[in-house]
Amino acid sequence: MPPGDGLFLLNVYVALASPLVGSAAAAAAARLATGRPWGLSPSTCAACGRRLGLLEFVPVVSWLVQRGKCRGCGWAISPAYPVIELAAVGIAAWAWLATPDYMFVATCVFGWLLLALSAIDFRTFRLPDVLNATLLVCGLLTAQLFYPDRMLEQLAGAALGFGGLLAVEFTYRFLRKRDGLGRGDSKLLGAIGAWIGPAGIAPCVFVGASAAILFVLISTRIRKRPLTGDMAIPFGPFLAAGGWLVWVTGSAQV
Ligand SMILES: [Zn+2]
C-alpha cells in the first residue's frame with residue numbers, strides 16, 4: 001500500500017474514535033465529580049446500579065435513544081455526555097481542516113486531552129496531574145517527531161508556561177492574602193507550552209483570560225447576580241481554549 005493510503009486510513013480510524021474519546025472524557029469527569037474511581041470499570045447507572053446495555057455505550061445515540069434518562073430508574077443522564085462527545089468529534093473535524101498529514105493525529109490527541117481536562121476542571125475544579133503529565137509528554141513527543149531541532153524551544157515553552165502562572169499565583173496570594181489560582185492551572189499551561197512554545201504562551205493566556213472574563217460577565221448577567229471578586233470559576237477550560245486556538249492557527253503549521 002502506498003504511504004498516502006496508510007496515512008488516510010490512520011486518519012479515518014482516529015476520526016472514528018473521536019466520539020468514544022468524548023464518552024471516556026465525559027465519564028471520567030462524572031466519576032471524579034461523584035468521588036468514584038475514574039478508571040475503566042464496567043459502566044452502570046450511577047443511581048440504580050443497572051448495567052448498561054450495548055446500545056447505551058454508543059456515544060450521542062445512546063443519550064438520544066434513552067431520551068436523557070436511565071431506562072431502569074428514570075434517573076436523568078447529564079446532557080454533558082452528548083455535548084462532550086460532540087465536542088470530541090468537532091475537535092477531530094477542526095484538526096482535519098487545520099492540520100496536514102500525520103499532524104492531524106497529534107492535533108486530535110492535543111485537543112482531546114484538553115477536552116478531558118476542561119470537562120473535569122469544569123465539574124470538579126481539579127486538573128488531574130496524570131492528565132497534565134500526559135499532555136506534557138505528548139507535546140514533547142510531537143516536537144521530537146515533527147521538529148526535533150526545536151526541542152529546546154518547546155522545553156522553554158513548558159518552563160515559561162508553568163513558571164509564569166506560578167509567579168501569578170504567588171503574587172496574588174501575597175497581595176490579596178488568599179488563593180486566586182490553582183497549582184493545576186500552572187501545570188496545565190506548562191504542558192500546553194510544550195506544544196505551542198514560548199512564543200505561544202502570551203497569546204494563549206490572553207485568549208484564555210479574555211474568554212474567562214466574558215464567561216463571568218455573561219453568567220452573572222444570566223443568573224442576575226452581582227459581580228464579586230470571590231466568584232470561583234475554573235480557569236483550565238479557558239487556558240485550554242487559548243492553547244487550542246494558538247495551536248491550530250500557528251504552531252501546528254510546520
Ligand atoms: Zn438507573
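# A tour of charged and aromatic contacts

The structure holds 3 salt bridges, and because this is a predicted model, everything you select along the way is a computed feature.

Begin by selecting D129 and K187, whose side chains meet in a salt bridge with an N to O distance of 2.9 Å. D129 lies in helix α5 (residues 129-146) while K187 lies in helix α7 (residues 183-223), so this pair ties together parts that are 58 residues apart in sequence. If you colour the two residues by accessibility, D129 counts as partly exposed at 47% relative accessibility, and K187 also counts as partly exposed, at 31%.

Next, select E169 together with R173, which form a salt bridge whose closest N and O atoms are 2.8 Å apart. Both residues lie in helix α6 (residues 151-176), where they are 4 residues apart, or about one turn of the helix. Is E169 buried or exposed? With a relative accessible area of 3%, E169 is buried, because buried means under 20%, whereas R173 is partly exposed, with a relative accessible area of 32%.

R183 counts as partly exposed at 36% relative accessibility. With E169, R173 and R183 shown together, you are looking at one network, joined by salt bridges that share partners.

Now turn to the aromatic rings, for which a search of the whole structure finds 8 aromatic pairs. Select F215 and F238, whose ring centres are 5.4 Å apart and whose planes stand at 55°, so the pair is tilted. F215 lies in helix α7 and F238 in helix α8 (residues 236-251), so the pair ties together parts that are 23 residues apart in sequence. In this pair F215 counts as partly exposed, at 29% relative accessibility, while F238 counts as buried, at 10%.

After that, select F8, W96 and F104, which form one aromatic cluster.

For the last stops, look at charged residues beside rings. Select Y147 and R150, and you will find R150 lying over the face of Y147, at 4.1 Å from the ring centre. Then select F174 and K177, where K177 lies over the face of F174, at 5.0 Å from the ring centre.

Technical notes. Residues numbered from 1 in each chain as written. Predicted model: local features only at pLDDT ≥ 70, side-chain atom pairs only at ≥ 80, totals over all residues. Heavy atoms only, no water. Salt bridge = Lys/Arg side-chain N within 4 Å of Asp/Glu carboxyl O. Helix = DSSP H or I, 4+ residues; strand = E, 2+ residues; numbered from the N terminus. Buried < 20%, exposed > 50% of the residue type's maximum accessible area, 1.4 Å probe, protein only. Phe/Tyr/Trp six-rings, centres within 6.5 Å; stacked < 30°, edge-to-face > 60°. Lys NZ or Arg CZ within 6 Å of the ring centre and 35° of its normal.
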